[in-house]
Amino acid sequence: MTILVLGLVLFLGVHSVRIFAGPFRDAQVAVSPGRWKGLYSLASAIGLGLIIWGWMQYRLMAPQLYDPPAWGRHASMALMLPAFILLAGSNGPVGRIKAAVRHPMLIGIILWSAAHLMANGDQASALLFGSFLVYGLVDLVSALGRREPPPVATKPMADVIMVVAGTALYALFVLFLHRVFFGVSPLG
């Protein structure tokens, strides 16, 4: 469990700098954008590696905290499609969906983590997905509070690409990759 917690603290801590220490982040970027991006990326990669390693180890012995509802797996499958669509289009060009949602990656993370909390009741999953859910909600509130102007939809094809790419990734994960990466098929 320690490795998982260290990974979560490192990964989510780095991603929370803008929320809790915005002026510090802005000063670092102003001094050397390349150095900031390099350190940010390195810390994120190490944190993500620790999260994956820690979760894979701990989930085998993690106690069950709650029994997921009978409908949890079905709700999880339903929430994951829009989560994949939003995540797939979060770094692409701005279409109507991205302009309306404004923060597709954060909404995708919130949907992903909530979906997995509905389907898994073990302590490792609760720690992992609960941490990401809290982070996503706090970051979304922070981002909305910055009152940035909403992006203007400029690329009509961006929505098509976003939906097609997200749906394809969803299908790949449901049919194949989730079982390969995590040893569990969402289909049962």
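In which helix is Leu12 found? Leu12 lies in helix 1 (residues 2-15), where helices are DSSP runs of H or I with at least four residues, strands are runs of E with at least two, and both are numbered from the N terminus. The structure is a predicted model, in which local features need pLDDT of at least 70 and side-chain atom pairs count only at pLDDT 80 or more, whereas totals for chains, interfaces and linings use all residues. Residues are numbered from 1 along each chain as its sequence is written, and side-chain values use heavy atoms, leaving out hydrogens and water.

**Surroundings of Leu12**

- Leu12 is buried, at 10% relative accessibility; buried means under 20% relative accessible area, exposed over 50%, and partly exposed in between (1.4 Å probe, protein chains only).
- Apart from neighbours within four places in sequence, Leu12 is in contact with Ser131, Phe132 and Tyr135, contact being heavy atoms within 4.5 Å.
- From C-alpha to C-alpha, Leu12 and Ile109 are 12 Å apart in space, and 97 residues separate them in sequence.

**Salt bridges**

- Side chains of opposite charge can pair when their charged atoms come close.
- The whole structure contains 3 salt bridges, each defined as a side-chain nitrogen of Lys or Arg within 4 Å of a carboxyl oxygen of Asp or Glu.
- Glu148 pairs with Arg18 at 3.3 Å, N to O.
- This pair joins distant parts of the chain, 130 residues apart: Glu148 sits in the loop between helix 8 (123-145) and helix 9 (156-182), and Arg18 in helix 2 (residues 17-20).
- Glu148 also forms a salt bridge with Arg146, at 3.3 Å, N to O.
- Asp26 and Arg25 form a salt bridge at 3.0 Å, N to O; Asp26 is partly exposed at 44%, and Arg25 is partly exposed at 23%.

**Nonpolar surface patch**

- Leu169, Leu172, Leu175, Phe176, Val180, Phe181 and Leu187 make a nonpolar surface patch of about 660 Å².
- Patch residues have over 30% relative accessible area and no salt bridge, with like charges joined within 9 Å and nonpolar side chains (Val, Leu, Ile, Met, Phe, Trp, Tyr) within 5 Å.
- Accessible areas come from the Shrake-Rupley method with a 1.4 Å probe, and for residues only the protein chains shown count as cover.
- Leu175 is located in helix 9 and is exposed, with a relative accessible area of 57%.
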